[in-house]
Amino acid sequence: MEIIKRLYGEVTTALEELDALLSYVFGQLERAGNIYTLVVRWVFPILSLFIFIRCLVPLLHKGKRGGAWGYLRMENGTTFPLVHWENSIGRGKLSDIRIELPVISRNHAVLTYSNGMWKIFDLGSGGGALVNGKKVEKSEVLGEDDEISLAGVKLTLLPASQDSACPEIPQRSGFDRVAGLGRHINTGSTLLLIMLFQLLGGLQLCFSMGDKAIAAPPAAVLVFIIVEAIYFILSDRHGGKYLELEMMAFFLCGLSLFIVGSAAPVTVFKQLVSIIIGIIGFSVFKGLMRNLNNARKLRYVLAVLAIGLLVANLIVGEYRYGAKNWIDLGFISFQPSEFVKVAFVLAGAATLDKLLTAKNMTKFIIFSGICVCSLVLMRDLGTALIFFIAFLVIAFMRSGDIKTIAIICGGAILGAAVAVFTMPYIAARFAAWGRVWEYADTSGYQQTRTMIYAASGGLLGVGAGNGYFVGIPAADTDLVFGLLCEEWGLIVGVTAVMIVLVIVIFAPLTVGRCRSSFYAVSACGAAAIFLIQSALNVFGSVDILPLTGVTLPFVSNGGSSMIASWCLLAFIKTADERRRPDLEDIIMEELDELTVTEGNDCETDA
């Protein structure tokens, strides 16, 4: 008995010593973590701004442009380069080929290049169109040196090989020379900086979790770094340059993993898988959209699938946060409306890319109406607004008719007013708008806490994993800007929003250089979705706009949103013509049936 007591005493003493040792170790780790956090809180903002600048400057560089696809020459010798696959001709300011003569209609005709041949379409002009003296009823195939007459104005189609027809290239401005510095910024070095940022952030998460640390968040960050490296290597082997769009998306996705690792660490691998699927979807969409014929065929499939998803959502969907916008299959749940965004942009761009006719516009309006009405029935007002804004952007880019757009907007505002006054659940969303502090413990609870905790983070943040905002509902989704500012600081939070804004601004900058209006329309449609979605998320969380419950692209927790964001980015990426191959390379790649003569070294600035 005495031996047992002695043994028990020794074991107890040993345990006490072990406990003291562990307490000392954890204490030292906590102290080291505090010192580390103190240091990296200054490093993260500087590093994020440096990464942002390195991605921004190359986007301003126009890159090498290929030659024109052909030329139109007037009798007086004036020559117009055909730098797109669809070229509108008319007196209007938005025409690709503007002929300022009173006999020419505002939108007179369209020249399109497809399957190795040029075609001219008469857009119902008053003066009509003739090809070699024959009236164009609907469309007419053109050959080299064919004579076109538009209301008596004669033009001749010249092949691309006639270098003498190329007009002078304007001298580069000072802004262009500064932007040209982007050529010397190495994308690989930018990726290394992003990886460094992510490694430091992953280590910060480990310190912040302390004795509650789990391996999932840092492991997810390491796997993502490997994925980034693989993507860069594969892109480099296939001649990919100008990867700034992907670099910015990688940076935002890294922040998303940090957010999820802090707010919901057990789901961080789910978010990682969504990012990887999104990157794969981005790559697949890029490949599909390089062939316009495939893209136009794909629009019907995606449109049918989109309507099917919305109908299924209305029938079997479940309510979350007041909106019926989720489908739960047991082993996985997703938001159909996120994937419908991709189909919406593709359907609109592929339907209206060649010709803006009443028939084509009617098809797109019907499809848009089905999407928006379905979302209203689901009570997903934020997403409905996103779709409506995207519709306006796509429709305006093809028509340029401000009066028609104004009428559509007026009808939409009237419908929204009726909905607010007749549907109580919609009116409730607007009750606290602009005065959330009066409802700080009820309907304004989330927004007031967002502002409080975002302010507490200051410029540098309290450190990843050290925030208290994670306990607020939807902190890592609809209110992610607040969590980002609290833990990472206002500088990193604003930088993340600025990155999304740069992606948005880059889309319209590519319009003049796009070889097809499909790429221009789809890029601006995707950019419109990013813009309104980011505005609703950020401004809604701080009570500048009503809180509508939408995610911040690439940052918020959510697999559906992440995958859709990457697929939408593919539309902007394919519109990027900074590394346009030579004329012969493009025709061989896109049409796979033509052989053209090299020699057109002239560069034209669209």
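I sorted the lining of the second largest cavity by class and recorded four nonpolar, two polar and two charged residues. For this sorting, Ala, Val, Leu, Ile, Met, Phe, Trp, Tyr, Cys and Pro count as nonpolar, Asp, Glu, Lys and Arg as charged, and the others, Gly among them, as polar.

I note that this is a predicted model, in which local features need pLDDT of at least 70 and side-chain atom pairs count only at pLDDT 80 or more, while totals for chains, interfaces and linings use all residues. Residues are numbered from 1 along each chain as its sequence is written, and side-chain values use heavy atoms, with hydrogens and water left out.

**Cavities**

I searched the whole structure and found three cavities of 30 Å³ or more. A cavity here is a set of points, on a 1 Å grid over the protein atoms alone, where a 1.4 Å probe fits but cannot get out; lining residues have an atom within 4 Å of a point. Grid points are joined across faces, edges and corners, and a volume is the space filled by probe spheres set on the points. The second largest cavity holds about 40 Å³. I listed its lining as Arg41, Phe44, Leu460, Gly461, Gly463, Ala464, Glu487 and Trp488. Two elements, α1 (2–59) and α14 (480–509), each give two or more residues to this lining.

**Secondary structure and sheet**

I counted 17 helices and 14 strands in the chain. Helices (H or I, at least four residues) and strands (E, at least two) are DSSP runs, numbered from the N terminus. I then traced an open sheet of six strands, with antiparallel pairing and the order β2-β1-β11-β10-β7-β8. At its edges stand β2 (79–82) and β8 (134–135), each with a single partner strand, so one side of each has no neighbour in the sheet. Two strands pair if DSSP finds at least two bridges between them. Strands β10 (residues 147–150) and β11 (residues 153–159) pair in the antiparallel sense over four bridges, and Ser149 stands opposite Lys154 in β11.

**Confidence and burial**

I checked pLDDT, the predictor's confidence in each residue from 0 to 100. The chain averages 79, and 77% of the residues score at least 70. Among the elements, helix α5 (residues 244–263) has the highest mean pLDDT (94) and helix α17 (residues 583–590) the lowest (38). Over residues 580–606 pLDDT stays under 50. Finally, I recorded that 51% of the 606 residues are buried, meaning under 20% relative accessible area (1.4 Å probe, protein chains only).

Methods. On a 1 Å grid over the protein atoms alone, a cavity is a set of points where a 1.4 Å probe fits but cannot get out, and a pocket is an open set with protein on both sides within 12 Å along at least five of seven lines; lining residues have an atom within 4 Å of a point. Contact means heavy atoms within 4.5 Å. Buried means under 20% relative accessible area, exposed over 50%, partly exposed in between (1.4 Å probe, protein chains only).
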